[in-house]
Amino acid sequence: MPFVSHIQRKPPPLKSQPHECNWPGCELMVKPDRWACRVHLAKLPSLIRHRLWATYRIGQDIGEAPLTPEYEEAERAAQEWASAN
Ligand SMILES: [Zn+2]
């Protein structure tokens with residue numbers, strides 16, 4: 001008897017769009033799960049950067065998961081730091 005497998009294939013992930021780096025004045029396009037480009041992420045204090053990583057939820061950039069208040073707060077902190085530096 002032939003073994004028939006019905007492997008449930010996950011649909012491919014929705015194509016999420018790159019966005020502009022959130023650093024003021026920077027127009028580099030970055031991956032949706034990045035807050036800023038490489039250079040500017042590196043400029044953030046590690047505490048803020050870690051908060052962005054820690055609170056990011058997969059899918060939030062394509063509307064699959066709501067932004068958490070924690071992420072919004074981390075983003076605000078990053079934004080403030082960026083504008084001040
Ligand atoms: Zn940048």
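Guide: Helices (H or I, at least four residues) and strands (E, at least two) are DSSP runs, numbered from the N terminus. This is a predicted model, in which local features need pLDDT of at least 70, side-chain atom pairs count only at pLDDT 80 or more, and totals for chains, interfaces and linings use all residues. Residues are numbered from 1 along each chain as its sequence is written.

Visitor: Which pattern does the chain follow, read along the sequence?

Guide: The secondary structure comprises three helices and two strands. Read along the sequence, the pattern is β-β-α-α-α.

Visitor: What percentage of the residues count as buried?

Guide: A residue is buried if 20 or more other C-beta atoms lie within 10 Å of its own, exposed if 12 or fewer, and partly exposed in between, with C-beta atoms placed from the backbone. Of the 85 residues of the chain, the buried share is 14%.

Visitor: Within what arc do the buried residues of helix 3 fall?

Guide: The buried residues in helix 3 are Y71, A74, A78 and A82. An α-helix has 3.6 residues a turn, so residues three or four places apart point the same way. The buried residues of helix 3 line one face because, seen down the axis and judged by the directions from that axis to the C-beta atoms, they fall within an arc of 75°.

Visitor: Which exposed residues does helix 3 carry on the face turned away from its buried side?

Guide: The cover over the buried residues of helix 3 includes helix 2. The face turned away from the buried side carries the exposed residues P69, E72, E73, R76, E80, S83 and A84.

Visitor: Which residues does I48 touch, not counting those up to four places away in sequence?

Guide: I48 lies in helix 2 and is partly exposed, with 19 other C-beta atoms within 10 Å. Two residues are in contact if their C-beta atoms, placed from the backbone, lie within 7 Å. Leaving out residues up to four places away in sequence, I48 touches A74, A77, A78 and W81.

Visitor: Is W53 buried or exposed?

Guide: W53 is found in helix 2, and its C-alpha atom is 9.2 Å from that of W35, 18 residues apart in sequence. With 12 C-beta neighbours inside 10 Å, W53 counts as exposed.

Visitor: What distance separates the C-alpha atoms of E70 and R51?

Guide: E70 lies in helix 3 and counts as partly exposed, with 14 C-beta neighbours inside 10 Å. E70 and R51 are 19 residues apart along the chain, and their C-alpha atoms are separated by 8.2 Å.

Visitor: What distance separates the C-alpha atoms of I62 and Q17?

Guide: I62 is in the loop between helix 2 (46–55) and helix 3. I62 is partly exposed, with 14 other C-beta atoms within 10 Å. Although I62 and Q17 are 45 residues apart along the chain, their C-alpha atoms are separated by 7.9 Å.
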